[in-house]
Amino acid sequence: MTPLLKLSLSLLKPLFWLLLAITTFLMLIELKPQAAGWIYADKLQHIIVFMTLALIGILAYFEKMWLVISGLLMFGLIIEILQSAFTLTRQASLADWLADLAGIAIAIGIVAIIKKFKNSLLLIR
C-alpha cells in the first residue's frame, strides 16, 4: 500500500464522524418555507446523504460494516423523531427514512461491485 493511499484511508474515520455531525446539524435546523419545486427533491437529498455516509462509513470501518449500516439506519430513524420533537418546520416522515434506507442500500451495492471487481482483478494476476 502506498503512503498516499494509507494516508487517505486513515482520514476516512474522522471524515465519517465530521459528515455525521454536519448531517445531524443540518437535519435539525429550522427551514424556511420553500417555493414549490420538484416534489421528490427532499427524498433525493436523503438518498445522496445516506449513500455518502454509508460509503465512507463502510470504507472507514470495513470490518464493522454491518454495525455501520445498522447504526445509520437507527440514526435516520432518530433524526426523523427529533425533527418532530424539536423543530417547528419539520416533521417525522416514513418516506424520508425509506429514502435513507435506499441510500444505504445503494452504497452496499456499490461496495459489493467494487469488492467483486477487486477480486476479479486479483484472479487475473
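Rings of Phe, Tyr and Trp, the last taken by its six-membered ring, count as an aromatic pair if their centres lie within 6.5 Å. By this criterion the structure, a predicted model, holds three aromatic pairs. One of them joins F16 and W17 in an edge-to-face arrangement, with a centre-to-centre distance of 5.2 Å and an angle of 75° between the planes. F16 has a relative accessibility of 5% and therefore counts as buried, whereas W17 is partly exposed, at a relative accessible area of 47%. Another pair is formed by F50 and F75; it is classed as tilted because the ring planes meet at 40°, with the centres 5.9 Å apart. F50 belongs to helix α3 (residues 41-60) and F75 to helix α4 (residues 65-86), so this pair ties together parts that are 25 residues apart in sequence. Both F50 and F75 are buried. F16 and W17 also form one aromatic cluster with Y61.

Helix α2 comprises residues 12-28; at 1.5 Å a residue, its 17 residues should span 24 Å, which agrees with the 24 Å between its end C-alpha atoms. F16 is among the buried residues of α2, together with L12, L20, T23 and M27. These residues lie on the same side of α2, because they cover an arc of only 80° around the axis.

Helix α5 (residues 94-124) contains I104, which counts as buried because its relative accessibility is 1%. Beyond residues up to four places away in sequence, I104 touches F50, M51, A54, I69, L72 and L73. I104 and I69 are 35 residues apart along the chain, and their C-alpha atoms are separated by 7.1 Å.

How values were computed:
Residues numbered from 1 in each chain as written. Predicted model: local features only at pLDDT ≥ 70, side-chain atom pairs only at ≥ 80, totals over all residues. Heavy atoms only, no water. Helix = DSSP H or I, 4+ residues; strand = E, 2+ residues; numbered from the N terminus. Expected span 1.5 Å × (residues − 1). Buried < 20%, exposed > 50% of the residue type's maximum accessible area, 1.4 Å probe, protein only. Arc of directions from axis to C-beta. Contact = heavy atoms within 4.5 Å. Phe/Tyr/Trp six-rings, centres within 6.5 Å; stacked < 30°, edge-to-face > 60°.
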